[in-house]
Amino acid sequence: MGLKPLKIGKHTIKYPIFQGGMGVGISWDRLAGNVSKEGALGIISAVGTGYYQKMQFVEKITQSKPFEAINFYSKHALNEIFKNARKICGNNPLGANILYAINEYGRVVRDACEAGANIIVTGAGLPTNMPEFTKNFPDVALVPIVSSAKALKIICKRWMDRYARIPDAVIVEGPLSGGHQGFSYEDCFKQEYQLENVLPQVVDEVEKWGNIPVIAAGGIWDRNDIDRMLSLGASGVQMGTRWLGSEECDAVAYRDLMPSVSKEDIELVKSPVGYPARAVKTGIFDRIAQGNAPKIRCISNCVSPCHRGVEAKKVGYCIADSLGRGFMGDREQGLYFTGANGYRIQKIQPVREIIAELVQD
């Protein structure tokens with residue numbers, strides 16, 4: 001069956017494919033701009049924007065790392081990223097991904113709206129107050145990420161009670177995605193929590209609230225996966241890992257790394273955020289096991305669940321520093337997130353070629 005355009009709020013996407021927002025340099029202007037240019041939805045990650053050409057609100061930088069949340073989530077850098085993405089995609093819909101667990105969440109949401117985001121996507125927590133920060137931007141569509149029908153029910157009820165609105169779409173993410181999971185380590189492997197089982201439950205819950213497109217995410221790789229999710233009731237899909245193998249991936253280090261990654265190289269690891277995360281097992285994890293990991297000192301104050309480095313010390317690494325090192329290509333101390341299908345990246349392709357493969361009937 002042919003892929004149909006997808007309407008999210010006031011915005012129409014030619015192909016019902018979201019590019020997942022991947023933080024600290026993976027999906028910025030080049031990747032998101034080109035995905036939107038080709039008719040899918042490019043999504044700029046607002047995480048770690050202080051690394052973008054080292055753009056800061058203030059000049060103070062400690063050890064070449066963004067200092068405090070004001071710089072780690074740099075408004076100036078986010079504006080530049082959107083401006084450069086718009087040069088590529090023009091007026092096509094363009095999104096921003098902003099984790100609910102970050103420090104200064106509300107400020108970053110407003111920054112993204114002012115920068116020109118058409119759609120805001122938020123996961124890593126239940127964004128029950130998300131509409132509060134976009135009330136001056138009525139054309140911006142709001143899309144929470146959930147891992148269960150129960151989570152969607154809570155969000156819809158709170159939004160209706162407080163703001164008299166429902167989400168413009170919802171992303172349901174299964175446990176095969178890259179980065180942080182919405183499940184415990186054990187639940188990631190249970191059949192009942194796999195995407196194909198959770199998705200129909202979310203579709204059923206949506207019918208109680210109104211016209212909310214459901215976007216399936218987590219482990220989606222090719223057109224067969226897309227068609228399978230649509231047959232289960234999804235209106236579209238979100239794909240993250242597939243773009244790690246694109247020529248336009250903003251983190252050059254991933255383009256160099258991923259074609260050599262095997263299935264055995266990808267594991268769920270502990271994270272300072274409190275949930276397991278899927279990543280490539282690089283040198284940093286060997287150093288943690290050996291007891292000689294990099295010294296942890298909270299510079300960026302990136303996520304509230306870490307409690308200013310307390311949780312980072314428990315797991316052995318700072319997520320902001322490690323993702324930043326990964327972005328800069330440090331294989332020994334860098335952290336590289338990927339979904340379960342990362343090993344399937346055999347070659348680096350242009351975005352237009354990947355999308356052509358996905359939409360071909």
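This report looks at a helix, some aromatic pairs and one glutamate in a predicted model.

## Helix α11

Helix α11 spans residues 319–327. Eight of its nine residues are buried, so the helix is largely enclosed by the rest of the structure. Among the buried ones are Ile319, Leu323 and Arg325.

What do these buried residues pack against? Their partners are β6 (65–66), α2 (69–72), β11 (179–180), α8 (252–257) and α9 (283–290). Just after α11 comes Gly329, with a positive phi of about 90°.

## Aromatic pairs

The whole structure holds eleven aromatic pairs. One of them joins Tyr51 and Phe72. Their ring centres are 6.4 Å apart and their planes meet at 85°, so this pair is edge-to-face. Tyr51 sits in the loop between β4 (42–45) and β5 (61–62), and Phe72 sits in helix α2, so the pair ties together parts 21 residues apart in sequence. Tyr51 is buried, at 8% relative accessible area. Phe72 is buried too, at 2%.

Tyr105 and Phe133 form another edge-to-face pair, with 5.8 Å between centres and 80° between planes. Tyr105 belongs to helix α4 (residues 105–115), while Phe133 lies in the loop between β8 (119–122) and β9 (141–146). Both residues are buried.

Ring pairs also build a cluster from Trp28, Tyr51, Tyr52, Phe72, Tyr73 and Phe327.

## Around Glu357

Glu357 is part of helix α12 (residues 351–359). Is Glu357 buried, partly exposed or exposed? Its relative accessible area is 37%, so Glu357 is partly exposed.

Beyond its neighbours within four places in sequence, Glu357 contacts Arg223, Arg242 and Gln349. The C-alpha atoms of Glu357 and Asp222 are 7.9 Å apart, although 135 residues separate them along the chain. Arg242 also places its charged end over the ring of Trp221, 4.9 Å from the ring centre.

Note on methods. Residues numbered from 1 in each chain as written. Predicted model: local features only at pLDDT ≥ 70, side-chain atom pairs only at ≥ 80, totals over all residues. Heavy atoms only, no water. Helix = DSSP H or I, 4+ residues; strand = E, 2+ residues; numbered from the N terminus. Buried < 20%, exposed > 50% of the residue type's maximum accessible area, 1.4 Å probe, protein only. Contact = heavy atoms within 4.5 Å. Phe/Tyr/Trp six-rings, centres within 6.5 Å; stacked < 30°, edge-to-face > 60°. Lys NZ or Arg CZ within 6 Å of the ring centre and 35° of its normal.
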